[in-house]
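Please keep the sequence and the three-dimensional view at hand while reading.

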Amino acid sequence: VIATKRDPRGVVTDPTLQALVAKALDAIVHLRHEALTYHSKASGRTKVYHGHPYRLAYAQGALYLLAHVPEYDELRTFALERVEQLSLLDEHFPEIPSAEGDADAFPDSLGVHSGPTERIELVFDRAAAPYVRSREWHRSQRLDDLPDGAVRVTLDVCIDPALVAWILGFGRSEE
């Protein structure tokens, strides 16, 4: 009666993913410091990060580890399939910083990214407007109907590949 289309999944060839998930969960639940060796697609480098893990998030077909990295004093997102090694350290951290305790994963993105938010305004023509109006694309969205049947969408989101893909997904205006 109901069918779903699964999200695109990352290609995971490492059979140790379950062990990584178990270690990450242990670190999160017991507030344990971790050291992880991570290969960044953005920089093409492999680096060891020391951090305070606080959440595993499943989004767009993949698992992500969210951790505060004291070296940068910021939250970092690590795609689990690019974690080469995860070691739990004996030290514990006292608590999750409140700024990182948002219940939503990737709250400022339409995808799996993070970054500073910007207010954007988009106008969709009357052909696309019913589809745009029919969904909540982001929790910050505001919709304003325009006299010609178009709709203005205002979002406070980070400018990232997911946002660009969403916009381009509507294609060219037929009007």
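The model is predicted, so local features need pLDDT of at least 70 and side-chain atom pairs count only at pLDDT 80 or more, whereas totals for chains, interfaces and linings use all residues. Residues are numbered from 1 along each chain as its sequence is written, and side-chain values use heavy atoms, with hydrogens and water left out. Helices (H or I, at least four residues) and strands (E, at least two) are DSSP runs numbered from the N terminus.

**Sheet and helix**

- Strands of a sheet pair through backbone hydrogen bonds, either parallel or antiparallel.
- An open sheet is formed by five strands in the order β4-β3-β2-β1-β5, with antiparallel pairing; two strands count as paired if DSSP finds at least two bridges between them.
- At the edges of this sheet are β4 (74-79) and β5 (83-92), each of which pairs on one side only.
- On average, neighbouring strands of this sheet are turned by 45° against each other, direction ignored; axes are lines fitted to C-alpha atoms, for helices over the stretch in contact, and angles run from 0 to 180 degrees between N-to-C directions.
- Strand β3 (residues 62-69) and β4 run antiparallel and are joined by six bridges.
- Y64 has A79 in β4 as its bridge partner.
- Helix α1 (residues 17-29) lies across β1 (32-39), β2 (46-59), β3 and β5, and runs at about 90° to β2; contact means heavy atoms within 4.5 Å.

**Salt bridges**

- Side chains of opposite charge can pair when their charged atoms come close.
- The structure holds seven salt bridges, each defined as a side-chain nitrogen of Lys or Arg within 4 Å of a carboxyl oxygen of Asp or Glu.
- One of them joins the side chains of R76 and E74 at 2.6 Å, N to O. R76 counts as partly exposed because its relative accessibility is 23%, and E74 is likewise partly exposed, at 36%.
- R119 and D156 form another salt bridge, with their closest N and O atoms 2.8 Å apart. R119 lies in strand β6 (residues 117-124) and D156 in strand β8 (residues 151-158), so this pair ties together parts that are 37 residues apart in sequence. R119 is exposed at 56% relative accessibility, while D156 is partly exposed at 25%.
- D145 pairs with R133 in a salt bridge whose closest N and O atoms are 2.6 Å apart. Since D145 belongs to strand β7 (residues 142-145) and R133 to helix α2 (residues 129-133), the pair ties together parts that are twelve residues apart in sequence. D145 counts as exposed at 56% relative accessibility, whereas R133, at 33%, counts as partly exposed.

**Largest pocket**

- Rolling a probe the size of a water molecule over the atoms shows where empty space is left.
- On a 1 Å grid over the protein atoms alone, a pocket is an open set of points where a 1.4 Å probe fits, with protein on both sides within 12 Å along at least five of seven lines; lining residues have an atom within 4 Å of a point.
- The volume of the largest pocket is about 450 Å³; grid points are joined across faces, edges and corners, and a volume is the space filled by probe spheres set on the points.
- Its lining comprises 19 residues, of which Y38, S40, T77, F78 and R82 lie nearest the centre of the largest pocket.
- The elements giving two or more residues to this lining are β2 and β4, and β4 provides the largest share, four residues.

**F93 and the loops**

- F93 lies in the loop between β5 and β6 and counts as buried, at 4% relative accessibility.
- The C-alpha atoms of F93 and R32 are separated by 6.2 Å, although these residues are 61 residues apart along the chain.
- Not counting residues up to four places away in sequence, F93 touches L31, R32, H33, H52 and P53.
- L31, in the loop between α1 and β1, is partly exposed at 23% relative accessibility. Its phi is near 50°, a positive value in a residue other than glycine.
- D73 is found in the loop between β3 and β4 and is exposed at 61% relative accessibility. D73 is not a glycine, yet has a positive phi of about 50°.

Methods
Buried < 20%, exposed > 50% of the residue type's maximum accessible area, 1.4 Å probe, protein only.
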